[in-house]
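Please keep the sequence and the model in view while reading.

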Amino acid sequence: MKNGNKKKKIIFCTNFYPPNFVGGAELIAHYHAKIMKQLGNDIIIFTGDPQAPLNILKKDIYEGLTIYRTYISYELDSINFTNKNIEENFK
């Protein structure tokens, strides 16, 4: 670690994440995660993905970062501030 800082475990939570989705918020989250990893921190990303299997947490690696993808829907009637499936996968 630089400057004698203690290594941190950091989780980035985003609605979506590259390479499946590339927008401003997704790119900022990705660049921040890469920088924090370069500084020696343990990084994981937790994100939604409409292509992920329902009720299964899908793990993959993108540009050296560990990503956990959980099913999320675009349907307006399914958008809510609580989602039991996502909460269970987050645990």
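A salt bridge is a side-chain nitrogen of Lys or Arg within 4 Å of a carboxyl oxygen of Asp or Glu. The model is predicted, so local features need pLDDT of at least 70 and side-chain atom pairs count only at pLDDT 80 or more, while totals for chains, interfaces and linings use all residues. Residues are numbered from 1 along each chain as its sequence is written, and side-chain values use heavy atoms, with hydrogens and water left out.

The whole structure holds four salt bridges. In one of them, aspartate 42 is joined to lysine 7, with the closest N and O atoms 3.3 Å apart. This pair links distant parts of the chain, as aspartate 42 lies in strand S2 and lysine 7 in the segment before S1, 35 residues apart. Strands (E, at least two residues) are DSSP runs, numbered from the N terminus. Aspartate 42 has a relative accessible area of 35% and is therefore partly exposed, a class that lies between buried (under 20%) and exposed (over 50%), using a 1.4 Å probe and protein chains only. A further salt bridge connects arginine 69 and aspartate 60 at 3.0 Å, N to O. Arginine 69 counts as buried because its relative accessibility is 0%, whereas aspartate 60, at 21%, is partly exposed.

Four strands form an open sheet of mixed pairing in the order S1-S2-S4-S3, where two strands pair if DSSP finds at least two bridges between them. Strands S1 (9-14) and S3 (58-62) each have a single partner strand, so one side of each lacks a neighbour in the sheet.
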